Amino acid sequence: MEYVIIIVSAIFVNNVVLSQFLGICPFLGVSKKLSTGIGMTGAVTFVMIVATLVTWLVQKLILEPFNVTFLQTISFILIIAALVQLVEIVLKKVSPPLYQALGVFLPLITTNCAILGVAILTIQKDFNLIESVVFAAATAVGFGLALVLFAGIREQLDLADVPKGMKGTPIALVVAGLLALAFMGFANLV
Amino acid sequence: MNQWKNFSKGFFKENAVFTLLLGMCPTLGVTSSAINGLGMGLATTFVLVMANLVISLIKDFIPEKVRIPAFIVVIATFVTIVEMLMQAYTPALYESLGLFIPLIVVNCIVLGRAEAFASKNSVGASIVDGLGMGLGFAMALTMLGSVRELLGSGKLFNVSIYPEDYGMLVFVLAPGAFIALGYMIAIIDKMKKA
């Protein structure tokens, strides 16, 4: 039951993009087409779960026992940057088709604040290891849901008659706002 | 004159938020009031100036291949300093900005300026560039924060302008951030063309 609450809360109620404002750059950047949106979601899901797992272990096994938690920001971002590189190298070797699909998105992920944000949030919320991984996976699903919905709307938007001054980014932001408004309907669900 | 151009480009021509669309997460996340926007903007400015200063000093000693991780370490160091200073001296602001303070590390503007400017230019020019870009970012955040606070709760910098009952609460909440920023970008685009 506890896990169900974490999952529903991370996907719908506190959606990572639409109510926490994490990962806006890829949300706006790669949402012009549905297919790139799905590719990005795959890469984010993969890195987010692995990164949360590793940063949680580092926090509990190294930073806290040695009483150096002020190094959290530095160590987490270095772990994420290294991890992204590692994932890129391993994927290239082990699964070329998957690398083909996700490759271009991987370098962008280091500066995706959702990854670092989730890593820090799991520590702040005092989750245990399993809860952290579940939370990371659910957050990634929430990110994917928002991105896919948004990309679908933007594809339709190309055909719509948008006022000249609002074309491009402004109308995309307003659409994102309306999407966030719709997601507010999930408030108080859990 | 050249330095002035270097400084002023961050405000309008190359404004990080309105033109380059960088640093969107803190822009949308913390601007529920003008004071939060200003605080976040100034914290980012400090990190930008210090990171630009250090990176332009050590740029000749960093091997080409590991420059991005090296930049990230420098940036993360200053973010940690800002975090500790804010916790000590402005606890209320520290509370309301929350998660977004450590997330200055992954703000694309900071790494972007380090890579595009500080790693190629002199110390003086890098500091001016960081200051201009940072203050331009702070200005954009303060403007967005003011609009949202005024429309949402009828206040400006916590001073009541009109009764709160007439405010549109949605502008303080998440959807209002997207909508207000969308319209502001449209207006500034129009001004730039005129």
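Leaving aside neighbours within four places in sequence, which residues is A:Val8 in contact with? The legends below begin with this residue.

View 1. A:Val8 lies in helix H1 (residues 2-13) of chain A; helices here are DSSP runs of H or I with at least four residues, numbered from the N terminus. Beyond its neighbours within four places, A:Val8 is in contact (heavy atoms within 4.5 Å) with A:Val13, A:Leu189 and A:Val190. Although A:Val8 and A:Val190 stand 182 residues apart along the chain, 7.6 Å separates their C-alpha atoms.

The model is predicted: local features need pLDDT of at least 70 and side-chain atom pairs pLDDT 80 or more, whereas totals for chains, interfaces and linings use all residues. Residues are numbered from 1 along each chain as its sequence is written, chains are lettered from A and ligands numbered from 1 in the order in which they are written, and side-chain values use heavy atoms, without hydrogens and water.

**View 2. The interface of chain A and chain B.** Contacts join 33 residues of chain A to 34 residues of chain B. The two chains bury about 2900 Å² between them, 88% of it on carbon and sulfur atoms; buried area is the accessible area (1.4 Å probe) that two parts lose on being put together, summed over both. In chain A, the residues that lose the most area to chain B are A:Phe21, A:Thr73 and A:Leu173, together 21% of what that side buries.

**View 3. Helices on the side of chain A that touches chain B.** Helices H2 (24-29), H4 (72-94), H7 (113-124) and H9 (169-183) of chain A each supply at least two residues of this side. H9(A) gives the most, with 8 residues.
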